There are 2 protein chains.
Amino acid sequence: MPTERTSAGDPARTLQLLWQDSPADRPKGPRRGLTVAAVVTAATGVADAEGLDALTMRRVAKDLGVVPMTLYTYVPGKAELLDLMLDAAYRRMPRADTAGAPWRDRLTAVAEENRALYARHPWAAAVSTARPPLGPGLMAKYEHELAALDGLGLDDVTLDACLTHLLTFVQAWARAAADARAAEQDSAMDDRQWWEANGPLLARVLDEEAYPLAVRVGAAAGAAHGGAYDPEHAYTFGLGRVLDGFAPLIDG
Amino acid sequence: MPTERTSAGDPARTLQLLWQDSPADRPKGPRRGLTVAAVVTAATGVADAEGLDALTMRRVAKDLGVVPMTLYTYVPGKAELLDLMLDAAYRRMPRADTAGAPWRDRLTAVAEENRALYARHPWAAAVSTARPPLGPGLMAKYEHELAALDGLGLDDVTLDACLTHLLTFVQAWARAAADARAAEQDSAMDDRQWWEANGPLLARVLDEEAYPLAVRVGAAAGAAHGGAYDPEHAYTFGLGRVLDGFAPLIDG
DNA sequence: CCTGTACGCAGTACATTGTACATCGTACGG
DNA sequence: CCGTACGATGTACAATGTACTGCGTACAGG
């Protein structure tokens, strides 16, 4: 099961698809029953509703009423389809204009936009973008987010590093939240039930003398969040730390 | 391809394996040719050398000179095997004693220990620990890392949140670094070659008027790191931001 | 109008995965 | 000395991405 990754296909073909470089309709042959956009939309629908694991070529084809192999006349393969899905998702992101606002508000807005992206498309958090899909969606997103950090006195390299750091935090958080939801679904146990199932067993082997801090802090954290992982708290706390981490660079 | 996840199996059985609750040898039947530890070691070796994708039950069995199904007499399934692998890796982590050192040094040491873990076991970064393997390795790790943050005036809930934030950063960084390496291997192109392949094609469609910041900052960042993603810089910069983010909470 | 050809669509097929199931053989307790 | 419990084996299945092979369609040139 390879990790899902963008830009795993042929660069030229992928870029052509991303920028729709060839609107030149082929006159020969039977009429096309679908469009690339329709395939991307269907695939996104599957991934949104049932996760990346459920995103199979067979499933997308079924939703479109065609046989699996038909998809391959629109898209070179699953890797390129993922690129198209992600760039399209980027393209659809709302981009609030926060020009003139304090920098913390501007960066908070960027974080929120990304959080909303992952809320709408949880699968997007799981995709590795070591080599991003170089499409119009990513470009618009990058330009917009750089603007939120521009003019604060940071040099370009630091500016890029700050943006990467912020986006890495939001993505890591989204992954953790999605993983928690997935674990809950797969095990048919919520966090509380899971701890209730493990706690007594763990207590039998766990030497409280050996792990005093773990027991004390673990209990406190568990009690504070109702015994469960609390994504909301992790996000709020983490974003605060990230912004405080930027302050020395920006405020001087 | 489900996301790799810990604690996906039966809690009771998993905990028993993790804590080796039943050293009671069964007298009946043929002698056991292997041990659970041998299976875990072999599996870790495969994952270390060739990544999680290459970690298949067949492959581990082959390395051990047995038929795939034999593994199932030692381990309930692949999910539990992953738990054992991860907890064992946690158990083997060196834990430096930094008592008395300044808090930044102590947290830097924790970060370094985790970075070393992911350097030795890149697959560990990819495993979701939404529900961690509750074994002796994790407990020792948790206790040790809490100690690095204890006594700084943080309440227990904040202490736990800070540790989570730090570990999330290191893991996210390790994932990015591993993804970059994997992309390089799979595509047989390093970052520079990839950009050389995509750059000219991208230039044809990319309107520089439309994305001035992206072009400017992208060029600057690319030039600074030799045209490639620079994990070392991302780690150093990111860890600095994380620690600066804690400063207001700790230094007051 | 007619026909050749290029191309969209469909069906079959294969390698790879985790693991359920049934079978076989071993070696200790009585 | 032998029954039985249990470890090891081999076969089998469902799901996946996608290569390959046809089949039929519909436009271009005559």
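Start by selecting residues 11-89 of chain A as domain 1 and residues 95-250 of chain A as domain 2: the C-alpha centres of domain 1 of chain A and domain 2 of chain A sit 30 Å apart. Those bounds come from an automatic or database domain assignment. This is a predicted model, in which local features need pLDDT of at least 70 and side-chain atom pairs count only at pLDDT 80 or more, while totals for chains, interfaces and linings use all residues. For finding your way, residues are numbered from 1 along each chain as its sequence is written, chains are lettered from A and ligands numbered from 1 in the order in which they are written, and side-chain values use heavy atoms, with hydrogens and water left out.

**Stop 1: between the domains of chain A**

Domain 1 of chain A brings 13 residues to the contact and domain 2 of chain A brings 15 residues, with contact meaning heavy atoms within 4.5 Å. Together, domain 1 of chain A and domain 2 of chain A bury about 1200 Å², and 76% of that is on carbon and sulfur atoms. (Buried area is the accessible area, taken with a 1.4 Å probe, that two parts lose on being put together, summed over both.)

Next, pick out the helices α1 (11-19), α2 (36-50) and α4 (78-92) of chain A, each of which supplies at least two residues of the side of domain 1 of chain A that touches domain 2 of chain A. Helices (H or I, at least four residues) and strands (E, at least two) are DSSP runs, numbered from the N terminus. On that side of domain 1 of chain A, α4(A) gives the most, with 6 residues.

While you're in chain A, select Glu50(A), Arg59(A) and Asp63(A), which are linked in a network of salt bridges.

**Stop 2: where the chains meet**

Bring chain B into view. Chain B and chain A bury about 6700 Å² between them, 67% of it on carbon and sulfur atoms. The count between chain B and chain A is 8 salt bridges. One pair to zoom in on is Asp186(B) and Arg5(A), whose side chains meet in a salt bridge (2.5 Å, N to O). There are also 20 residue pairs in polar contact across the interface of chain B and chain A, both residues at pLDDT 80 or more.

To see what builds the chain B side, colour α1 (11-19), α7 (136-149), α8, α9 (191-205), α10 (212-224) and α11 of chain B, the elements that give two or more residues to the side that touches chain A. α8(B) gives the most to that side, with 19 residues.

Then centre on Arg216(A) and Asp156(B), whose side chains form a salt bridge (2.9 Å, N to O). Arg216(A) is in helix α10 (residues 212-224) of chain A and Asp156(B) in helix α8 (residues 156-187) of chain B, so this pair joins two chains. Arg216(A) is partly exposed at 38% relative accessibility, whereas Asp156(B) is buried at 18%. (Buried means under 20% relative accessible area, exposed over 50%, partly exposed in between, with a 1.4 Å probe and protein chains only.)

**Stop 3: inside chain B**

Select Arg91(B) and Asp87(B): they form a salt bridge, the closest N and O atoms being 4.0 Å apart. Both lie in helix α4 (residues 78-92) of chain B, 4 residues apart, about one turn of the helix. Buried or partly exposed? Arg91(B) is partly exposed, at 46% relative accessibility, and Asp87(B) is buried, at 0%.

Finish at Asp244(B) and Arg241(B), a salt bridge with its closest N and O atoms 2.7 Å apart. Both are buried, Asp244(B) at 17% relative accessible area and Arg241(B) at 10%.

Notes:
Polar contact = N/O pair within 3.5 Å; in protein donor to acceptor, adjacent residues only side chain to side chain.
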